[in-house]
Amino acid sequence: MKKLYQYITKSFFGTFVLTFFIVVFIWVMQFVWLYVDDLVGKGLEIKIIAELLFYTSITAIPMSLPLALLLALLMCFGNLGEHYELVAMKASGISMWRIMRPLLYFSLILSVLAFFISNSLIPIATLKWRTLLTDVQRQKLAFNIKEGVFYKDLDNYVIYVDKKGKDGSRIYGIKIYDHTDHEGNTKITSADSGMMAMSPNQRSIIFTLYNGYNYTDLTTSNNYKETRPFERMSFKEEQLKFSLASFDMTRSNEDMYKNYHQMMNIRQLSTSLDSLEIRLKDKRKNFTQGFERRWANYNSYHTDNSSTPSVQADSDSLTADTCTMLHWPLLDQYDDETRAAIAKIGMGTAQNAKDNLSFNKTDFDYQIENINKHRKEWHKKFTLSIACIIFFFIGAPLGSIIRKGGLGLPVVISVVFFIIYHLISTIAERMAVFGDLNMFLGVWLSSLVLLPVGLFFTFKATTDAALFDGDSWKKFFQRLFKKKRKNKVELNT
């Protein structure tokens, strides 16, 4: 039996490792195509790109691990069934449960490992991936001046080049606008031709200009806005040096993103949830007490008949709504101008209360959504582990039933089941976050849907039922309809 288990494990493990890295590679390529515009043309070091792809591959594990496990199980048991090895094992008295036992143990160990990956590794990788991706997106494009375009990526300078030579370094018709004084276009350099070259340390760009002028507006002189004095200096050759320090990639502090729910483990999520729920409860309490205080002040004010408000009305306040309010019995004790002023103040107070209510509702909705996101992330720490077990009960028995190995039918079946799982999970989780569905049901709905499917396939495989045999299904439906017709005849009689 040991040799049999070693053979099954060896047949499965190589396929699993291969499919896992293939799936991770596909997810990484999807990331590259999605953010290709942020990566190309910025002169990024190979180290930065490799680091970003490494963290991307780690964050792809929750999507890749269940799919790779399902595909590997389908291929492994499909190959065993296709070559009649499963038939030989069963003929030797080995049940399907015993055949699946070593891979069941492997799936259980993998589910435990998946939990530690979700709880410990994924938050750290997501934090570093998000921080690094933000830095890359903020990175400027590499220094590249184009013909007939004002180049503005150099700090405090704008450069215009009318034409460039074929070698890319010789330039013609140059205009350089110096904005270091932050006073507009007060310093301008123009030249007929020039040369561009990088400094030996690659930290600066050096312009050697020929046959040009330096123009400077003398803004320090009196009445310069009226007289517009300027200074012009000609040169045959001039050299300008521009620092490229602004093109260096700066690394952000990771503490900026540590409070996001995706960057937390279970302990941090539980602590954050407690804080968010207490804060929401306090805000609701303060909001309710504020309305109760205003209502109490309103009652005490109107029950005191001796107090007459000292208000004045303007003629514009006598609108149709205001005139309607003037006939309230509560306002009969006041003259027309006072009643109009009271009505105007009342409408203003009501509008303020409405705006306050709308603002607080938006704030409460945002906080509830934030709490739901934390709850969803807390539950998702366990879904990857359970998904590995569920996909085992789908992949292993289904592979033995279809009896097809290779990358054909197993790939199609695994992709279909994974799309169903991912689609249900995405829709249900989104509904749960917005409060349209219970959080537990929203996060676990995909698992609850596929678990019975896996148990059904397992039952069929262990009982040697012909799941995809057309004749068996034909006989089943014939018996079913025959039974219905018999019951209908008995009812008629």
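Here is a short tour of this predicted model, from the whole chain down to a few side chains. Residues are numbered from 1 along each chain as its sequence is written. Local features need pLDDT of at least 70 and side-chain atom pairs 80 or more, totals for chains, interfaces and linings use all residues, and side-chain values use heavy atoms, with hydrogens and water left out.

Start with the whole chain in cartoon view. You'll find 13 helices and six strands (DSSP runs numbered from the N terminus: H or I of at least four residues for helices, E of at least two for strands). Take contacts (heavy atoms within 4.5 Å) between residues at least 6 apart in sequence: 69% of them join residues at least 24 apart.

The accessible area is about 30000 Å², and carbon and sulfur atoms own 59% of it (Shrake-Rupley, 1.4 Å probe; for residues, only the protein chains shown count as cover). Of the 493 residues, 38% are buried (under 20% relative accessible area; exposed is over 50%, partly exposed in between).

Next, select Val415, Ile419, Leu423, Ile427 and Met431. Together they make a nonpolar surface patch with about 420 Å² of accessible area (nonpolar side chains joined within 5 Å, each residue over 30% relative accessible area and without a salt bridge, meaning a Lys or Arg side-chain nitrogen within 4 Å of an Asp or Glu carboxyl oxygen). Zoom in on Ile419: it sits in helix H11, residues 409–433, and is partly exposed at 48%.

Last stop, the cysteines. Pick Cys76, buried at 3% relative accessibility, then Cys388, buried at 0%.

Definitions and conventions: Patch = residues over 30% accessible without salt bridge, like charges linked within 9 Å, V, L, I, M, F, W, Y side chains within 5 Å. Buried < 20%, exposed > 50% of the residue type's maximum accessible area, 1.4 Å probe, protein only.
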